[in-house]
Amino acid sequence: MAEIVTIPCLRDNYAFLLHDPANGATAVIDVPEAAPIQAALDARGWSLSQIWLTHHHPDHIDGVPALQAATGARVVGAAADAHRLPPLDQALAEDDTITLGGLEARVLEVSGHTIGHIAFHVAAASAVFTGDSLMALGCGRLFEGSAADMWPSMLKLRALPGETIVCSGHEYTQSNARFALSLDPGNTALQDRSQRIDAARQAGEPTVPSLLEEEKKTNPFLRADDPGFAAALGLSAQDATAVFAEIRARKDRF
């Protein structure tokens with residue numbers, strides 16, 4: 001069984017270690033800063049062999065030079081984003097695969113937050129590393145792409161098996177829950193999840209990763225094609241992309 005470790009970084013970022021215990025291979029997904037990641041590796045006696053990058057924003061890559069210098073790990077990321085990433089040892093595109101020990105990750109192109117954003121789906125670990133595309137009860141702001149870019153990315157991620165855990169890049173879940181409840185106050189699954197999120201944060205525990213099946217029921221950014229939800233928002237005459245765009249615009253103003 002693969003092991004996944006969630007590592008808090010900076011103010012509200014997360015990096016993730018993915019470890020294959022069968023042969024000791026370890027990757028890190030995104031590197032906001034090097035020190036917490038190195039500490040997590042040292043605490044477990046693991047050696048880092050690969051660095052996987054989801055997108056070019058500084059709070060996901062700034063620690064790469066120091067971590068690579070300390071470990072010699074190979075760096076992989078999107079070919080479409082290579083000009084804005086640290087130097088890549090391997091450039092990846094949609095449906096490419098990368099191997100970590102006995103684990104294989106499939107690359108998903110999930111532009112919207114940025115152009116060239118990718119996610120890594122590791123089926124054997126029932127996990128997807130989404131960076132700032134799909135997030136716990138949310139999605140990333142559309143800094144470079146449009147709703148027409150991001151909604152297909154959401155559909156691509158939503159299509160993964162429900163037991164997939166979503167390893168996303170930030171601890172935004174409490175504020176995302178408040179926004180989701182403002183749109184869908186009668187959703188009992190969302191009410192229950194919001195209470196569990198508050199309890200976790202009160203205890204100082206992360207709310208990431210999350211379960212995709214629960215995201216499908218509670219994350220408004222995965223429900224833009226739900227006719228009942230669109231009607232409740234006063235958007236029944238709109239197509240799913242337009243509904244998604246309006247949900248994102250409301251979140252930006254929230």
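Colleague: Is Thr173 buried or exposed?

Modeller: Thr173 is buried, with a relative accessible area of 1%; buried means under 20% relative accessible area, exposed over 50%, and partly exposed in between, with a 1.4 Å probe and protein chains only. Please note that this is a predicted model, in which local features need pLDDT of at least 70 and side-chain atom pairs count only at pLDDT 80 or more, while totals for chains, interfaces and linings use all residues. Residues are numbered from 1 along each chain as its sequence is written, and side-chain values use heavy atoms, with hydrogens and water left out.

Colleague: Where is Thr173, and what does it touch?

Modeller: Thr173 is in helix α5; helices (H or I, at least four residues) and strands (E, at least two) are DSSP runs, numbered from the N terminus. Leaving aside neighbours within four places in sequence, Thr173 is in contact with Ala136, Leu137, Ile197, Thr207 and Val208, where contact means heavy atoms within 4.5 Å.

Colleague: How far is Thr173 from Ile197?

Modeller: Their C-alpha atoms are separated by 7.3 Å, although Thr173 and Ile197 are 24 residues apart along the chain.

Colleague: Turning to α9, how many residues has it, and what is its reach?

Modeller: Helix α9 spans residues 240-253, which is 14 residues, and reaches 20 Å from its first C-alpha to its last, close to the 20 Å expected at 1.5 Å a residue. The expected span is 1.5 Å times one less than the number of residues in the helix.

Colleague: Which of its residues are buried?

Modeller: Val243, Phe244, Ile247, Arg248 and Lys251 are buried in α9. They cover an arc of only 135° around the axis, which puts them on the same side of α9. These buried residues pack against β12 (138-139), α4 (147-158), α5 (173-183) and α8 (227-232).

Colleague: At what angle do α4 and α9 pack?

Modeller: The angle is about 105°, and the axes are 9 Å apart. That makes α4 roughly perpendicular to α9, as angles of 65 to 115 degrees count as roughly perpendicular, under 35 as roughly parallel, over 145 as roughly antiparallel and the rest as oblique. Axes are lines fitted to C-alpha atoms, for helices over the stretch in contact, and angles run from 0 to 180 degrees between N-to-C directions.

Colleague: Which residues meet there?

Modeller: Ala147, Ala148, Met150, Trp151 and Met154 of α4 meet Ala240, Thr241, Phe244 and Ala245 of α9. The residues of this contact divide into eight nonpolar, one polar and no charged. Here Ala, Val, Leu, Ile, Met, Phe, Trp, Tyr, Cys and Pro count as nonpolar, Asp, Glu, Lys and Arg as charged, and the others, Gly among them, as polar.

Colleague: Next, Ser133. Where is it found, and is it buried or exposed?

Modeller: Ser133 is found in the loop between β10 (127-131) and β11 (134-135). Ser133 is buried, with a relative accessible area of 1%. Not counting residues up to four places away in sequence, Ser133 touches Val110, His117, Gly138, Cys139, Gly140, Met150, Met154 and Leu157.

Colleague: On the backbone, which peptide bond is cis?

Modeller: The bond from Val208 to Pro209 is cis, with omega near 5°. Pro209 lies in the loop between α6 and β14 (210-211). Most residues other than glycine have a negative phi, and most peptide bonds are trans.

Colleague: What is the phi of Leu137, and what is that of Asp95?

Modeller: Phi of Leu137 is near 60°, a positive value in a residue other than glycine. Leu137 sits in the loop between β11 and β12 and is buried, with a relative accessible area of 0%. Asp95 has a positive phi of about 70° although it is not a glycine. Asp95 is found in the loop between β6 (90-92) and β7 (97-100) and is partly exposed, with a relative accessible area of 46%.

Key. Arc of directions from axis to C-beta.
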